[in-house]
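I opened the file to look up helix packing, the ligand shell, the domains and some backbone details. My entries follow in the order in which I made them.

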Amino acid sequence: MDSSQFREAAHTAIDQIIDYYENIRDRRVLSEVQPGYLRELIPPGIPQTGEKWEDIRRDIEAKIMPGLTHWQSPNFLAFFPANSSYPGMLGDMYSAAFTCAAFNWQCSPAVTELETIVLDNVARLVHLPEEFHSAGEGGGVIQGTASEAIVVVVVAARDRYIAQSKANWAAEGLNEDEIEEKVCTLRGRLVALGSDQAHSSTKKAAMIAGVRCETIETAMGDYRLTGERLTAKIADLQARGLVPFYLTATMGTTPTCATDDFPSLAAALAAHHTPTSPKIWTHIDAAYAGAALVLPEFAHLPATFAFADSFNFNMHKWLLTNFDCSCLYVRRRRDLTDALSITPAYLRNEYSESGLVTDYRDWQIPLGRRFRSLKAWFVTRSYGVDGLVAHVRKSMDCGKAFTALVTADSKRYTLVAEPAYALNVVRVNPPPGSVTAAEDGLEYGKRSNEVTRKVAERINREGKIFITSTVLGKGEESVTAIRVVGGAPGVQVADLENAYRVISDVVDAVWA
Ligand code: PLP
């Protein structure tokens, strides 16, 4: 493809993309294809001679579209949103055009310097404490996903804990061999912690880092990790000879958007740490809900993050920036570079050695990296603070409209958690007159779970809207619930009203 062919092809691609967005409401939100569908549509092998763009482009509609679930559809109310916007797409387009795998400053100074500036701006946008800005010892870096951010901090937490332990043993007068022996024992006892509501990425990070992982139970209906429960867990681990070194605390858990009790966690950790003890690293995972910190009513919350070592939120979930753009902030960037820096001869250069520049390769797992700050820059400049606030506010209004409808319809629905950050989590009641919550306790819960599961399955089979279900708690008292969250840019209050009607029609059919 030469320049003039690219110009023409790009125009047709852009037109197709705009048409897709303008008519997305008309598409069935969930794909209906069966596993393996694409093998029948795409001939095996690469063509011997190159094909025309027009033939390739035509296959987008014919072969790819049928297998897409439309995350940008206003009828997509599942998982958490994965926002997209035109400025975000333009950022990715330029990133692809420049394709500079800027692993260190010298590779493309603009890539590094824009990332630092944009992340400081975003830190101010979400009111993060000064500790996490680059002016001091902290700073931000863009990771692909929250899961990658958590792997990075678990590795840094592990290495910091071991380094602090080694320093203590050396101060006690142990020799190198004795310290090494102790490190080997310690490694097998390290435990990463998160609540039973924390995202599974903490478990995965622990698997990758080769450490144990345990969960701390939260109270049914509340789902928040508290300092009291953390203290009890630490005592339990110590009694078993295990060593907690890392904690994921969450703002906006995946099942219900609960937010852990940060002040009491801070107090519990302060009580646990002595001036010389190695420190438990606390990471605040706000993958989805962190975007809500742009709203003035939540601006007080980040002050309660000041005890944490790191924080992340995904601009690619709810802040109009196309996947992938997970912002990770650390209080002390040295903690990352101590754990992740390795410099073979070919990466040495005068700028890195001067200590005056940031080499983001030392803040992440891969070496190469994309120019992801471009899309965050385009989005924040195009929307401005007011536009970003308006976007999140609209989703919150949608969530509140849905809450009002289900709350007024106590015959059909029971909210199982406090609605938060535009997410509603509801269970469907058993058919009226069959059992009562007051008299039939466990049986009522069982019937409610059955009917909720059937309703969720039938809604997604029908495909008018797409929702996800979740299971809270364990055993006989577990609760099956439907999660409804409308955070895509195109979602309006009317879409949530429509969702309420679609769900209610299915409830009536399942009850009948
Ligand atoms: N943390 C929370 C609270 C989440 O809800 C999710 C995903 O929804 C993740 C982490 C993982 O996100 P990612 O896909 O960016 O790894």
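**Entry 1: H6 and H8**

I listed the contact between two helices: Ala146, Ser147, Ile150, Val151, Val154, Val155 and Arg158 of H6 meet Ser201, Thr202, Lys204, Ala205, Ala206, Ile208 and Ala209 of H8. I counted two residues as in contact if their C-beta atoms, placed from the backbone, lie within 7 Å. By class, this contact of H6 with H8 has nine nonpolar, three polar and two charged residues. For the classes, I took Ala, Val, Leu, Ile, Met, Phe, Trp, Tyr, Cys and Pro as nonpolar, Asp, Glu, Lys and Arg as charged, and the others, Gly among them, as polar.

I noted that the model is predicted: local features need pLDDT of at least 70, side-chain atom pairs count only at pLDDT 80 or more, and totals for chains, interfaces and linings use all residues. Residue numbers start from 1 along each chain as its sequence is written.

I then looked up the geometry: H6 (residues 146-171) and H8 (residues 201-209) pack at an angle of about 50°, with axes 9 Å apart. Axes are lines fitted to C-alpha atoms, for helices over the stretch in contact, and angles run from 0 to 180 degrees between N-to-C directions. H6 and H8 are therefore oblique to each other. The scheme calls angles under 35 degrees roughly parallel, over 145 roughly antiparallel, 65 to 115 roughly perpendicular and the rest oblique. The crossing of H6 and H8 is right-handed, meaning that the near helix is turned clockwise from the far one by less than a right angle. Helices (H or I, at least four residues) and strands (E, at least two) are DSSP runs, numbered from the N terminus.

**Entry 2: ligand shell**

Which residues are closest to the ligand? I found Thr145, Ala146, Ser147, His199 and Ala287, in a shell of 15 residues. The shell divides into four nonpolar, 10 polar and one charged residue.

**Entry 3: H14 and H16**

For H14 (residues 373-408) and H16 (residues 493-511), I read a packing angle of about 30° and axes 8 Å apart. H14 and H16 are therefore roughly parallel, and their crossing is right-handed. Asp397, Cys398, Ala401, Phe402 and Leu405 of H14 make the contact with Val493, Leu496, Glu497, Ala499 and Tyr500 of H16. I logged eight nonpolar, no polar and two charged residues there.

**Entry 4: H1 and H3**

The axes of H1 (residues 3-22) and H3 (residues 53-64) come within 11 Å and cross at roughly 15°. That makes H1 roughly parallel to H3. Gln5, Ala9, Thr12, Ala13 and Gln16 of H1 make the contact with Trp53, Arg57 and Ile60 of H3. I logged four nonpolar, three polar and one charged residue.

**Entry 5: domains**

The assignment, automatic or from a database, divides the chain into domain 1 (101-370) and domain 2 (381-511). Their centres, taken over C-alpha atoms, are separated by 33 Å. I found 17 residues of domain 1 in contact with 18 residues of domain 2. The domain 1 side has 14 nonpolar, three polar and no charged residues.

**Entry 6: backbone**

Which peptide bond is cis? I found the one from phenylalanine 323 to aspartate 324, with omega near 15°. Aspartate 324 lies in the loop between helix H11 (315-318) and strand E7 (326-330). Histidine 127 has a positive phi of about 60° although it is not a glycine. I placed histidine 127 in the loop between helix H5 (109-125) and strand E1 (139-143).

How values were computed
A residue is near a molecule or strand if its C-beta atom, placed from the backbone, lies within 6 Å of it.
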